[in-house]
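Hello,

Here is the structure I promised to pass on to you. Have a look at it first, and then read on for what turned up.

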Amino acid sequence: MLNVTNLTVRFGDYTVVDNVSFTVSPGEWLMIVGPNGAGKSSIISAISQAVPYTGTVAFNGRDIRSLKSKDVAKCFGVLTQKHAVGYSFTVEEVVRLGRYSFSGGFFSRNEEVSEAIIEKALRMTGLEALRNQSVLTLSGGELQRAFLAQVLAQDPPLLILDEPTNHLDLVYQRQIFELISQWVQETERAVVSVVHDLSLARKYGTTALLMHKGKLVGHGPVNDVIDSEHIDPVYSMDVRQWMVDLLSQWQKEGGGT
Amino acid sequence: MKKRAERFRLIEYAVFAAVTVVTAIVCVCLGSVSVPISETVSAIFGAVTGAFTGSAPPETMHASVILAVRLPRVLAVALTGASLSLCGAAVQGLLRNPLADASNLGVSSGAAVGAALSIAFGFSIPGFFQAGTMVSAMVFAFISLVLILTLSYRLDYSLSTNTIILIGLIFTMFASSITSLIVTFAGDKVNSIIFWMMGSLSGAKYRDVVVLAGSLVLFGAVIFYYARELNAFAIGEENARNVGVNVGRVKYAVLIAVSALVGVCVSIGGSIGFVGLVIPHMTRMIVGPNHRRLLPAVTFSGAVFLMLADLAARTVLSPRELPIGVVTSFVGAFAFVLIFYQTRKGR
């Protein structure tokens, strides 16, 4: 589905992603993990054509750079971590933009199919009741759900998520990951996401890509990559012990088993 | 909250158009010599039907005042207001900034340099009255835009809106200093330039109306065509790219259409500030931020606002007439502070 070959991203003389190659297949949820400054978000930016890069990003065998912007949007949808909407658009107006790549010019009409997909996206994200509310009045979690609904309305085979729950509380984190987990179950779909929380990566991911200082240091099944052997040198700490210590706090208080 | 329609409905077009026509008729009636509405309507109707049937238009004194002086002026004012307001809405959507306008993007100042150069040194195109000023203003508006975008691109590959606004502001200051320099060397043309810089459509003729209408139809169509893309930009440039908008192409197309429209308006009416800033913001409060609704609405409301400003300019201190730019800037300055205050308070 997605084939990234020899991807290199440079900002001036500084190489933030150095010769990274990987593939993503249908049914896969690839978690890109690594410490701050590892180059995780730059990989996402390069795939979504937001920064210049060398190497190749191909979708179903076609170089993304040879595709029109609307066709790229039909290949994958991108959900970022922050949104700064300038004006008081309603939730529905934001979600409706997800169908942009399937529309024509000023006088075109949305087809029935689009309407059905928009309704489904609003329903899946629990935003039906808020559809006519201004996005400026939403909480962080509701706003992120609105943009998730926009990406779902885009109906792409591949979802690309850049730390989608970074600023959200546990309830919304769980809600959004569960939603995406349901979404990826459908045939010929896949997800690539950057996450900081290694527990979330292990729970929801099928494969993982471990980055360190712009280089790929591990790629494979999620439990093989996110293990002490690979992640301890990258994070310069005993990650597993830290997680166990955190969990033991709950066990001492009787909050866990 | 009530659901907003996705596009401007027929009834809304009818209401906005009716308000615009009524305002235009009132503005044609009022002035140093007031003409009854019935006489105004019959003079205009007579002239329009006469144009089709070949019969001569009415020749009363009132009819002459209306047809030769007031009607072309009011039409030119309405078209200028519509154009500047449409440009303001487009730029505000594109740059996701309610305080953006063609005037603070640097395009108006660039056009002003071109027009001032033409007036000061008498550039002209044989056989086309005032065409030298118009072409010069348009050319300089384009050059300004190219300079602003080139500099922005060199500083920032993604042509982010913040970079464009920053470069635009710096360019505005630079262009203003050039205009001042031209005024210094303008000799006996100083008064003409200064009066033109304050903005005035008092001497507008039907040929100006034709040029303004033509440019509004041509370049306005480009802006209208990209209404959906402007929605995406107004939500966020990164989001626009992610939903499939060709952000580079849309940015260039809209900015070129805006600079051309502003160039035409500046060359005919001078620098008329704040219309493009205030009207889109106020109209957005009524019809919402969706550009498929906002763009038609600002076209009408910009026309109405500038017609009323022009009416005030020629009647408030009658028989003395104020430059229209003075009235719009006076109202606009207060509105600008109010918008800025509300924007900051909303954070």
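Predicted model: local features only at pLDDT ≥ 70, side-chain atom pairs only at ≥ 80, totals over all residues.

What does the interface hold, then? Five residue pairs are in polar contact between chain B and chain A, both residues of each pair being at pLDDT 80 or more. On chain B, helix 3 (61–94), helix 9 (206–225), helix 10 (227–235) and helix 11 (237–243) each supply at least two residues of the side that touches chain A. The most comes from helix 10 of chain B, with seven residues. Sorted by class, that side of chain B has 12 nonpolar, nine polar and 12 charged residues.

As for its extent, the contact draws 33 residues from chain B and 38 residues from chain A. Together the two chains bury about 3100 Å², and 54% of this lies on carbon and sulfur atoms.

Now to chain A by itself. Chain A has 10 helices and 10 strands. Its radius of gyration is 19 Å, close to the 18 Å that the globule rule gives for 257 residues, so chain A is as compact as a globular protein of that length. The C-alpha trace of chain A spans about 60 × 50 × 35 Å along its principal axes. Of the 257 residues in chain A, 52% count as buried. Among contacts in chain A between residues at least 6 apart in sequence, 69% join residues at least 24 apart.

Enjoy exploring it!

Best wishes

Conventions: Residues numbered from 1 in each chain as written. Chains lettered and ligands numbered in written order. Heavy atoms only, no water. Contact = heavy atoms within 4.5 Å. Buried area = accessible area lost by both parts, 1.4 Å probe. Polar contact = N/O pair within 3.5 Å; in protein donor to acceptor, adjacent residues only side chain to side chain. Helix = DSSP H or I, 4+ residues; strand = E, 2+ residues; numbered from the N terminus. Nonpolar A, V, L, I, M, F, W, Y, C, P; charged D, E, K, R; others polar. Rg over C-alpha atoms; globule rule 2.2 N^0.38 Å. Buried < 20%, exposed > 50% of the residue type's maximum accessible area, 1.4 Å probe, protein only.
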